[in-house]
Every structure is written in C-alpha cells, then in structure tokens.
Amino acid sequence: MTSATVLNLKEQMHRVGASTADYSLTSDLFPLRHFNTAQRETGTALHGKRERASVSRMMSITRFYIWYFLSMGLGLACVVCVCLWNSQWRGGFAWDGSSLQFNWHPVLMVTGMLVLYGNGAVLYRVPLTWGENKLPWKLLHAALMLLALMLSVIGLCAVFGNHNASNIPNLYSLHSWIGIITAILFATQWAAGVAVFLLPCSPGSLRKLLKPQHVWMGGSLLTLGIAACISGINEKLFFVLKGNTNGSLSYSQLPAEALLGNSLGVLIIAFGLVVLKILSNHEWQRPENQPEDVPYTPLLQEENQ
C-alpha cells in the first residue's frame, strides 16, 4: 500500500469520526426526537387515563340509576300494598270518627313519612339535578318534604280522631311513641332546613356548620319512620286478627291479610335500605366545589365533552 493511499484512508476516517461526533453533539444539544417520543407517550398515557376515568364515572352513573329506579319501584309497591290492604280487607275509607277514618292513618303515613320523604331525600343525588343553579332543586326538595309532612300530620289527625270518638287512649304504645317523636323531629328538621338553607339572610358559615347535622338527621328520620311503620303494621295485625267464632283466622295462622301486611313490612324495609344505600354512597353526592350561583357542567354533559 502506497503512502498516498494510507493518507487518503486516514483522512476519510477522520471525516467519518468528525461527522459522528457532530451528530452526537447535535443529538445531545437538541434532543427533539426523544422529546417528541416522550410527548407522544405522555399524551397516550393521559388519554388512556381519561378514558378509564370516563368509563368509571359512567359505570357509577349506571349503578346509581339502577338503585334509584329500584327505590322508586319499591316505594310504589309500598303505596299500592297499603292502599290495597285498607280498601279490600279493612273496609275502605271515611272521615267520620269510625274505623274507616283510622284506615287513612297507615296509608298517609307510609305515603308521606316514608315514600315521599325518601324520594325527597335522594333528590340531590340524581345527576340530572346537578344543573346550573341549586336553588330550584332546593325549592323542590323543600316542597316534597313539606308535602310529606302535611300527609303525616293528616294521618296523625285521622288516628287521634278515631281514638277520641271511640274512647281509645292515645299515645300508650311503643309504636305511637316512635311515630309522634318522628313527626315532631320531622317538623323541626323541615323548619330548620328552610331557615338555614333557603332564607338569603342565613350566613354561609352557618350553612356549612349545620349541613352535616342536617344530612345525618335526614337519614335518622328515615330510619325512625321505618321503625314506626313496621311496628304499626304489626300492632294493627295483632289487633284485628285475633280469630273468633265467625270463622276468621288468627294472626298466628297467617291468613291472606297477614301475608299482605307482612309483605308490606318487608317492602318498607327494602325501600329504606335502598334509600340509605343511595344516601351513604359518596360517589353520588352533588359536587360542592363551586358556588351555587356559578354555572357548571352537569355530570352527564361532562361525559360527552
């Protein structure tokens, strides 16, 4: 090999090394390719995370509506059963101080203190109510609770009127104690709720302080209402199904009326448990991270964006 050839080879190797060094230096100083790759990977990860969160929230909404429609179906079944019981087996309804006036008592208490009250309690959990302003739903909540309270008061008037006309003592049984305490607490809860959460003069600090107590009392009143209804049904069945010489069966023989009354009690318990399940699930609480007068996107609209 000649000296000229050796020099040419060295010169070529020197140019290749310089080129490689320049490329390495450029890659170190301007890592655009690595940056773009990392950006694409980060964007893909964020997109996947958003998709998983979206699927999780939609599954949560689906579960809510399953429980919600179950509560509505059970509530309707409770009203149908109590009306059927008192119209078909107890002779119907009147307002004359007789036992027919008493029949209004279980119908109104189950409808008002239990079913309407339960539906009013879960109103804020419905995602479609998470609209632009909370005030209309506050008013609807208060109206449902007021209607439930009015029906309960009329139901109490029915039983007191019947007892007074028939010379039957009032407020001597455990059922009556639970019922009257529940009604008094219900009225107090409604009045306090209107004063604190609806009147504009109520300070925000007071609302924030009393809201946990208001929510706790709401669930407690539902539990007391269930106890009052269950004990009242059992007490009534013991009174009217004693068995006698005309061929009627006693409660212990479980006639058709007893089956219906017991079934009504089971439906009431099931309704109460479903409502309490909805109230206790933190995923279904109305978001409170924004002021009430500031619009925000409802949950279902947020999922579509």
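The model is a predicted one. The protein contains nine helices and zero strands, and its pattern along the sequence reads α-α-α-α-α-α-α-α-α. Of its 305 residues, 37% count as buried.

- Helix H6 covers residues 174-197, and with its 24 residues it reaches 33 Å from its first C-alpha to its last, which is close to the 34 Å expected at 1.5 Å a residue.
- The buried residues of H6 are His175, Ser176, Gly179, Thr182, Ala183, Phe186, Gln189, Gly193, Val196 and Phe197, and what covers them includes H4, helix H5 (135-165) and H7.
- Helix H7 covers residues 204-240 and has 37 residues, reaching 52 Å from its first C-alpha to its last, close to the 54 Å expected at 1.5 Å a residue.
- H7 also carries a kink of about 40° at Leu210, and this kink lies shortly before the proline Pro212.

- His175 is found in helix H6, and its relative accessible area is 17%; it counts as buried because buried means under 20% relative accessible area.
- Once its neighbours within four places in sequence are left aside, His175 is in contact with His105, Ala228, Ser231, Gly232 and Glu235.
- One of these residues, Gly232, has its backbone nitrogen 3.2 Å from a polar atom of the side chain of His175.
- Although His175 and Ala227 are 52 residues apart along the chain, their C-alpha atoms are separated by 8.1 Å.

**Aromatic side chains**

- The structure holds eight aromatic pairs, and one of them, formed by Phe93 and Trp104, is tilted, with 4.6 Å centre to centre and 40° between the planes.
- Phe93 lies in the loop between helix H2 (32-89) and helix H3 (99-102), whereas Trp104 lies in helix H4 (residues 104-121), so this pair ties together parts that are 11 residues apart in sequence.
- Phe93 is partly exposed, with a relative accessible area of 32%, and Trp104 is likewise partly exposed, with a relative accessible area of 30%.
- Phe238 and Tyr251 form an aromatic pair that is edge-to-face, with 4.9 Å centre to centre and 80° between the planes.
- Phe238 lies in helix H7, while Tyr251 lies in the loop between H7 and helix H8 (256-280), so the pair ties together parts that are 13 residues apart in sequence.
- Tyr251 has a relative accessibility of 13% and counts as buried.
- Phe64, Tyr65, Tyr68, Phe69 and Trp284 together form one aromatic cluster.
- The ring of Tyr124 has Lys134 lying over its face, at 5.3 Å from the ring centre.

Key. Residues numbered from 1 in each chain as written. Predicted model: local features only at pLDDT ≥ 70, side-chain atom pairs only at ≥ 80, totals over all residues. Heavy atoms only, no water. Phe/Tyr/Trp six-rings, centres within 6.5 Å; stacked < 30°, edge-to-face > 60°. Helix = DSSP H or I, 4+ residues; strand = E, 2+ residues; numbered from the N terminus. Buried < 20%, exposed > 50% of the residue type's maximum accessible area, 1.4 Å probe, protein only. Lys NZ or Arg CZ within 6 Å of the ring centre and 35° of its normal. Expected span 1.5 Å × (residues − 1). Bend = angle between axes of the 7 residues up to and from the residue. Contact = heavy atoms within 4.5 Å. Polar contact = N/O pair within 3.5 Å; in protein donor to acceptor, adjacent residues only side chain to side chain.
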